[in-house]
Amino acid sequence: MFTEIVFALLIAVRINISYGLQCYSCRDTNDPIICRSTTTCSAGQSCFEESRPTQSGRMYSMGCLDIQVCTAMQTQTLIGRSAGKRQNGMCHQCCSADNCNNNLCSPPSHGGSGSFLLVMDGSELYQIDMATNMVHQVNRQASSPYGYDYDYIDKKVYWYDSSYNNIFRQLINSSQNFHEEWIKGSVYTVYNYHELAVDPISRLLFYIRNAPREIVALSLDTGDSVSVIDTSYPYDLKLDLTERQIYWTDTSRMTIEVANYNGTNRRTIVSGLQQPTALALDKTHNIVFWADAGNHKIERVNTDGTNRQTVAIIKGTDYTGLALLGNDLFYTSRQIPYVMRISTSGNTPQPVGKSFSQLQNIKAYNMATVKIDNNACSVRNGGCSHVCIPTSVTTRECRCPVGYRLASDAFSCVYTTLVRLSGYNATSWQGRIEYSVDNGATWNTFCNNLNENDANVLCKMLGLEGQDAKVITDATIFGSGNSTFGTFEYPYCRGTENKITDCQYFNYEISCLHSYDRAINCSRAGKMRLAGSNAKDQGRVEILMNSQWGTICDDNFGPAEAAVVCGSLGFSRSGAVIKHSYYFGQASTSVPIHLDDVKCIGNENSVLECQHNKVIDVSNCQHNEDVGVICQAATFTNVRLVGSSAGSNQGTIEISTDAGKTWNTICDTYFGEQEAQVVCNMLGFNRIGASARTNAYFGQGNSSSKTLHFDCNGSETSLLHCSIPNTGTCSHSDDVGVVCPYTNTELIRLVNGPSLNQGRIEMSLDNGATWGTVCGNLGTNGAGVVCAALGYPREGATYKGYSVYGQGSSSQPILFHYPTCDGTETSLLDCKRSTSTCSHTYDVGVMCIAEPTTLVRLVNIYIGTMFNKGRVELSVDNGTTWGTICNDYFGDAEAKVICRMLGFHEAEGVAVINGSYGFGSGQILLDDLNCSGEETSILQCQHKPIGENDCTHDEDVGVACNYVGQGSAEVRLTGSSSRYQGRVEVKLAGTTIWGTICSLNDFDSTEASVICAMLGFQRSGAVARLNAYFGQGTESQPIILSHLGCTGTESTIMNCSGSYIRTDYCHHVYDAGVTCQP
């Protein structure tokens, strides 16, 4: 394995844009330099880096932290940071500049001078270590790889694979056989056998594209690519990372050329060559080396074109690659099965490494001399939305891919690719398909090879349905196109893209006869919306076309047109009112005007079915002519779930728009996860995790009710805010239902009471973002449900009505009106709810008995860690659900209480903060704890209400409890009615904790015989029972022992040679049991 590289502190580059503080963000990595993920800090936060020693080496964590907290930890004053921790080699440092936190706790050093070669042999890539001459295979499953290069910052190899027409990457030291990733977007045809080159500093990859022939820059951060140099037949590429220049050979012009990354300052270094196939660059001495397969020479020239010399002439060599390392050149050839070494002064070539079979190119890397500086594109892509091209250390250009243009802010790209349907008989849904990449200035056709996936994407760009589109191969029925620059070929779409330029691979501006033009037929249903108004039933009319929302000009727009708009939005066609002259405000200048001179009959499903002018984005209208409508609105909307006995969170959906007088069902045609999210939100449940049930899963609606259609994006607050397609009728066998989530998303607390166990009930269904009240007659059963949810016993719960604990604020929602519970539910969400309403005057509270049932356990993600260390998890509902504790103000006093609850006799412990034992999931139950250390339960300490916190799971606290006395243990058998057999549980001396034994790692009759002897039974005939044969231990129980390694003669399992007090990622499904002989 080659020497790891540690980089110097990144140079902060000032870029004149506005964004929040960016910090590197990684958790528990052993090499901080490979951390390239970033996060945006909130106001009042700084970057931090923390390192700590572990059994597997020093681990690093980076991210954002409140400035006060970070500073306190840096100066070692935060409560809970014990002297032991401060003296254990921990480091915590803060900084306040973009991405400044990648080496605060790790002083930079280059550490070694390892150098190696990468060589492609057929479809396999090999690494040759120059210190040992050892050959290591890097990838084994590439199909048809060609050009490649190495990113020494991310430690990844990139290569082009012609079988997939794409670029892949793989960690060079990956333990996996083949770890690949697609590089996003339009990777066009790349020359086979030709090169690509990576600049790890600028975060760019340069490759050669076939049609048109050019050198392309691809951003490693965004995956977007732009053309930077037009050329004839480029073959090999090399990069000057210091001057940000590209050197390349051209086997058509027979030259070696150089240009800046952005294509400027292009010049020819040497010309008149025969077949320059390989290139090497020596920037230390400003020399370019090249190999010419035409005259079999290796030559050199200064980078300014002077002092051309011959290094060597090697007859019969075609030179597939050339690389420089120190004073040696390395070359490959199809005629020679070895990598060959030759001095830059030209001595006799010598073989390197092993024998190969089909050598292609070669690359060389010296880890002691690689460039580690920064430039203006190194951090956050230089602020560019797509591709950043550095022009100096502190300056850069933002570039845009084909179909985009650079916005006036010089950072972001604006989409300018348009499509339209044209021809003599074209309609708004079918015709010859044409595109423009310059916002309508010029139009071109599509040639040949267009399929239904491509057509679906084009239809979506037109604002039509992106499904069931058809390709019309005989486009002559619409007449011939008149393209300015030829035609567009091979879109190669999957059908899921929203834009044609998102498709993986295409050629544009090619030579193709217009007799091969293609036409498409789209589904007619389009999307519309009303904007510029807070009311859902009125606003400026906007229609989605070309993947953009645009307006309609009010020329000739009358009652019939307004009726079609309102009808397509699900409102009544009758009573529609037209509003001319931007009544609802003008759209911004960046919004196109899509339609003009619309003329409808009044019964069309969409305005696209009406007569109108061509689908355009440049018209004779201005936005002061944007048309609007006022539709006859449904004044009241309510939803309910029926047909399920499993809970109030699921059932067939029924909707009422007349205050509950009539109820209708919803058709499942358009209904999916996004629509389910809207319904669940209307019912007071969480959006996330909502799921639809089709085909009358919960039963059919009433035969006299209607079935409605809705098409939502998931963020709406009411179904009537969704699109309402007019797609005909459905039967009640298509009635849709939903299952709404509330597990692990419901928070409940008691407020405004004299003690923690009583107060007004408040609930949150969005993880604490908003809190609402409960009103009405809750009753004793309902009070028991609330107390049980808070961890208190159901028995003795008392209901307190009529806002005894005060009314909720007027801005608070009332989440539940008149809940009716039977007392067995685990949540108020399981109780029935009335459709009647009540006010905050009737806000209810409860009084619970004082001490909740509380369980605690330690969870640890690290191999080999003892059972007395881990992330603290707490249950206040007898183990039904578990949550974590935030490390705010959590110190050794709090750790002592946790260790006492866990059963350690010597109740001493150390707090371990910042998610050091891994991140939990579910609720964060406790925050801002303040204990004396003498409490018997953590809930006896001062703390925020259960479930209320301002933390994330990277602040989950852990503890390391003091444990001594490992020399003896007790065992018992559980889970069986026979005293001779059962699940083995063990209690170590010095604790009161009973835990299990892991049956993995050779737990057999020898271990069983020792356990039976400890219990007073015979050793002989003992049988090991594996994999929780007698049932699993409880979630709160630790797995105390594994890897016993007994011989069968020991008097106690603690004398077995391998009795490890650790978990080794074992789970209770592997709990060990035994059957003994009496």
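Predicted model: local features only at pLDDT ≥ 70, side-chain atom pairs only at ≥ 80, totals over all residues.
**Entry 1: Cys553 and Cys621**

I found these two cysteines joined by a disulfide, with 1.8 Å from S to S. Which hand does the disulfide of Cys553 and Cys621 have? I read a torsion of about -80° about the S-S bond, so the disulfide is left-handed. I then placed both ends in the chain. Cys553 sits in the loop between strand E43 (548–552) and helix H4 (559–568). Cys621 sits in the loop between strand E45 (593–595) and strand E46 (628–632). The two are 68 residues apart, and the pair links distant parts of the chain.

I also checked accessibility, for which buried means under 20% relative accessible area. Cys553 has 1% relative accessibility and therefore counts as buried. Cys621 has 4%, so Cys621 counts as buried too.

**Entry 2: Cys821 and Cys831**

I noted a disulfide between Cys821 and Cys831, whose sulfur atoms are 2.1 Å apart. The torsion about this S-S bond is about 110°, so I logged the disulfide as right-handed. Cys821 and Cys831 both lie in the loop between strand E57 (814–817) and strand E58 (845–847), so the pair ties together parts that are 10 residues apart in sequence. Are Cys821 and Cys831 buried or exposed? I have both down as buried.

**Entry 3: Cys1046 and Cys1056**

I looked up a further disulfide, which joins Cys1046 to Cys1056 with an S to S distance of 2.0 Å. Its torsion about the S-S bond is about 95°, so this disulfide is right-handed. I traced Cys1046 and Cys1056 to the loop between strand E69 (1039–1041) and strand E70 (1073–1077), so the bond ties together parts 10 residues apart in sequence. For accessibility I got 10% for Cys1046, which therefore counts as buried. Cys1056 is at 5%, so Cys1056 counts as buried as well.

**Entry 4: the sheet E13 to E16**

I turned to an open sheet of 4 strands and wrote down its order as E13-E14-E15-E16, with antiparallel pairing. Which strands are at the edges? They are strand E13 (196–199) and strand E16 (225–230), each of which pairs on one side only. Ignoring direction, I have neighbouring strands of this sheet turned by 25° against each other on average.

I then followed one pairing in detail. Strand E15 (residues 214–219) pairs with E16 in the antiparallel sense, over 5 bridges. I looked for the partner of Leu218 in E16 and found Ser225 as its bridge partner.

**Entry 5: Asn262**

I located Asn262 in the loop between strand E19 (255–260) and strand E20 (267–270). Its relative accessible area is 11%, so I recorded Asn262 as buried. What does the side chain of Asn262 make a polar contact with? I found the side chain of Thr264, at 2.6 Å.

Next I listed what Asn262 touches, leaving out residues up to four places away in sequence. The list is Val228, Ile389, Thr391, Glu397 and Arg399.

Technical notes
Residues numbered from 1 in each chain as written. Heavy atoms only, no water. Pairing = 2+ DSSP bridges. Axes fitted to C-alpha atoms, helices over the stretch in contact; angles between N-to-C directions. Disulfide = S-S within 2.5 Å. Buried < 20%, exposed > 50% of the residue type's maximum accessible area, 1.4 Å probe, protein only. Polar contact = N/O pair within 3.5 Å; in protein donor to acceptor, adjacent residues only side chain to side chain. Contact = heavy atoms within 4.5 Å.
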